[in-house]
Amino acid sequence: RRIGGDRGGVAAAAFAVVAPALVLSARDARMYALATALVLAATLLMLRAVEHPSAARWLAYAAVTALALYTDYFAALAVVAQLIAAAVVLRARARTLLQAALASLMAAATLVPWLIAARAQLGHAGEFWVPPLSFSWVAGALVQLFTGPPLADWVPGKPWLVAVQALAVVVALTFAAALVLRRRSLGADSRRITWYCAACGGIALALLILLGLLVLVSY
């Protein structure tokens with residue numbers, strides 16, 4: 001809504017309701033959908049706290065970030081990305097960045113009591129791993145955001161469904177291209193927030209890819 005007004009907010013919400021990847025993760029009794037919601041909430045809270053710093057806003061950011069970290073350890077990558085985006089894109093003042101860092105540390109500190117149990121959990125689960133990432137893997141994840149998971153050979157009418165999936169990708173990329181072309185029509189505040197959101201997602205993805213490469217090299 002901050003970027004594209006009321007219509008933009010409604011359109012984004014509608015996309016979240018029908019996007020196959022989000023729908024499928026929401027149906028699973030796992031942490032992915034909850035972690036996604038908490039990271040998005042933390043991203044918004046960081047933006048608001050940087051714009052208008054206050055103890056209440058930073059406490060809210062710390063609380064939601066702590067919940068995100070407890071939900072999925074990889075939320076830590078999003079926290080780092082948010083701090084970098086606040087510094088580079090939002091150009092937060094030094095004092096505000098210090099407050100952001102302290103709020104993030106407060107959230108991370110809440111995990112200390114859990115480390116006792118986490119050590120035993122990791123020992124029971126076996127080796128902690130991150131699957132190696134590649135261009136095809138990342139591209140496949142982007143495509144599946146609009147199409148859902150790959151179809152098995154036994155699925156009836158698979159060729160027709162694959163054609164529908166291809167059409168969904170074309171439509172999505174067309175809309176994405178239209179948004180890029182219209183970026184000049186956005187106001188300065190809208191463009192700033194657009195870049196902030198893109199940085200929060202892009203930097204976190206880059207960190208995940210780097211982590212995957214480091215694990216691959218260590219093997």
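1. Helix α10 (residues 188–218) has as its buried residues S190, I193, Y196, A199, C200, A204, G212 and V215, where buried means under 20% relative accessible area, exposed over 50%, and partly exposed in between (1.4 Å probe, protein chains only). The cover over these buried residues includes α3 and α5. Helices here are DSSP runs of H or I with at least four residues, strands are runs of E with at least two, and both are numbered from the N terminus.

2. Two points on provenance should be kept in mind while reading. This is a predicted model, in which local features need pLDDT of at least 70 and side-chain atom pairs count only at pLDDT 80 or more, whereas totals for chains, interfaces and linings use all residues. Residues are numbered from 1 along each chain as its sequence is written, and side-chain values use heavy atoms, with hydrogens and water left out.

3. The length of α10 agrees with expectation, because its 31 residues should span 45 Å at 1.5 Å a residue and its end C-alpha atoms are 44 Å apart; the expected span is 1.5 Å times one less than the number of residues. Helix α9 (residues 158–181), with 24 residues, reaches 35 Å from its first C-alpha to its last, close to the 34 Å expected. In α9, the residues Q165, V169 and A172 are buried.

4. The largest nonpolar core has 27 residues, and those touching the most other members are M46, V50, W58, Y61, L69, L90 and Y196. Such a core is a set of buried Ala, Val, Leu, Ile, Met, Phe, Trp, Tyr and Cys residues joined through side-chain atoms within 4.5 Å. Two or more residues are given to this core by each of α3, α4 (55–71), α5 (75–88), α6 (94–109) and α10, and the largest share, seven residues, comes from α4. Leaving aside residues up to four places away in sequence, M46 touches W58, Y61, Q82, L83, A86, A100 and Y196, contact meaning heavy atoms within 4.5 Å.

5. Y70, found in helix α4, counts as partly exposed at 41% relative accessibility.

6. The count of salt bridges comes to six, a salt bridge being a side-chain nitrogen of Lys or Arg within 4 Å of a carboxyl oxygen of Asp or Glu. One of them joins R2 and E51 at 2.8 Å, N to O; because R2 lies in the segment before α1 (5–18) and E51 in helix α3 (residues 32–51), this pair ties together parts that are 49 residues apart in sequence. R2 also meets D189 at 3.1 Å, and this pair links the segment before α1 to helix α10 across 187 residues.

7. R192 forms a salt bridge with E51, with the closest N and O atoms 2.9 Å apart, and so connects helix α10 with helix α3, 141 residues apart. Through shared partners, R2, E51, D189 and R192 are joined into one network. R2 is partly exposed at 36%, as are E51 at 24%, D189 at 35% and R192 at 26%.
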